[in-house]
Structure formats: structure tokens, C-alpha cells
Amino acid sequence: MNSEFTIAVHSLVYLAYVPDRMASSEAIAENVSTNPARIRKVMSCLRKGGYVDTREGAGGGYRLTLDPAVVSLSDVYRLMAQGSVIPGWCSGNPDMDCVVGSNMQEVMHGIFCKAEKHLESYFGSITIADVLGQIHSCEDC
């Protein structure tokens, strides 16, 4: 899992929280607790994916273009982090004489692929609106 996924979800939930106004990268960055350049990078991906719209200049910023009740975490995961569950390196070597070492990469790849499918399925049951609802349910709110 990468941090861009978390930043994207946080940003979309924040935009759902302030639906009647544009939010600047600075305002989103302050809410996410990161820097505006990082927000702009993530928001660029979300814009290309059709999740946000932008307006430049004074009073500009970002706004959510889709109903938060239809945007699932699975949608955001596929855009921002698909494949991140699968490690870039796995132990073993297919050319080894040992049955364990020669098959470990293939077996672990299958396990991680299945884990990612389960994760995507779970994320598919949670929308941006659901996350905002959970936040509103917090005792400290």
C-alpha cells in the first residue's frame, strides 16, 4: 500500500466535506498534514481519473465531480495503488535445484495476487461517503 492512496482518500473525503466550495492545494495539504506539492501530484491523478475538477487563479482549487456515495475506495485504489500489495522482490530463484527455492516466487506471487483481489473487493464495499459518515460518527466530532 502506498501513501498516495491514503492522501487521495483523505483529499476526496475532505472535498466531500466541503462540497459547496473549491479547496486549494494548501487547504487540502493542511488537512492531510503534508505539503501542497504532494497534494497537487495526487490531485493531478484524481483529475485525470475524473474524480475532481480544477480551477486556477484566485478562488480556485479543487472540487469533487462525482457523488461521494458512488466513489468506492476500490476505485481510488485501482487509480492510485493497484499492484502495491505485490512486493517488487520475492525470495527464491526459478533456476534453483531445490523445490522450495525454485517455486517460491510463483507461489508467493499467486498468494499476493489473491490478497489484492480480496482487498479490492473489501474496498469496493466502502465509499467516500461511508468514510465521511464514519468521521461524523467519531465521538470527538
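L46 touches A8, L12, Y51, V52, L79 and M80, leaving aside residues up to four places away in sequence; contact here means heavy atoms within 4.5 Å. The model is a predicted one, in which local features need pLDDT of at least 70, side-chain atom pairs count only at pLDDT 80 or more, and totals for chains, interfaces and linings use all residues. Residues are numbered from 1 along each chain as its sequence is written, and side-chain values use heavy atoms, with hydrogens and water left out.

**The nonpolar core**

- A nonpolar core is a set of buried Ala, Val, Leu, Ile, Met, Phe, Trp, Tyr and Cys residues joined through side-chain atoms within 4.5 Å.
- Buried means under 20% relative accessible area, exposed means over 50%, and partly exposed lies in between (1.4 Å probe, protein chains only).
- The largest nonpolar core has 34 residues, and F5, I28 and L46 touch the most other members.
- Two or more residues of this core come from each of α1 (3-17), α2 (25-32), α3 (36-48), β2 (61-64), α4 (73-80), α5 (99-124) and α6 (128-136).
- Helix α1 gives the largest share of this core, nine residues.
- Helices (H or I, at least four residues) and strands (E, at least two) are DSSP runs, numbered from the N terminus.
- In soluble globular proteins, nonpolar side chains tend to be buried together.

- S11 is found in helix α1.
- S11 counts as buried because its relative accessible area is 0%.
- Not counting residues up to four places away in sequence, S11 touches I28, V32, I39 and M43.
- K48 belongs to helix α3, and K48 counts as exposed because its relative accessibility is 65%.
- K48 and M22 are 26 residues apart along the chain, and their C-alpha atoms are separated by 18 Å.

**The strand pair**

- Strand β1 (residues 52-55) runs antiparallel to β2, and four bridges join them; two strands pair if DSSP finds at least two bridges between them.
- One of the residues in these bridges is D53, whose partner in β2 is R63.
- The hairpin of β1 and β2 has five residues between the strands, and G57 there takes a positive phi near 90°.

**The loop between α2 and α3**

- S33 lies in the loop between α2 and α3.
- Although S33 is not a glycine, S33 has a positive phi of about 70°.
- Most residues other than glycine have a negative phi.
- S33 counts as exposed because its relative accessibility is 67%.
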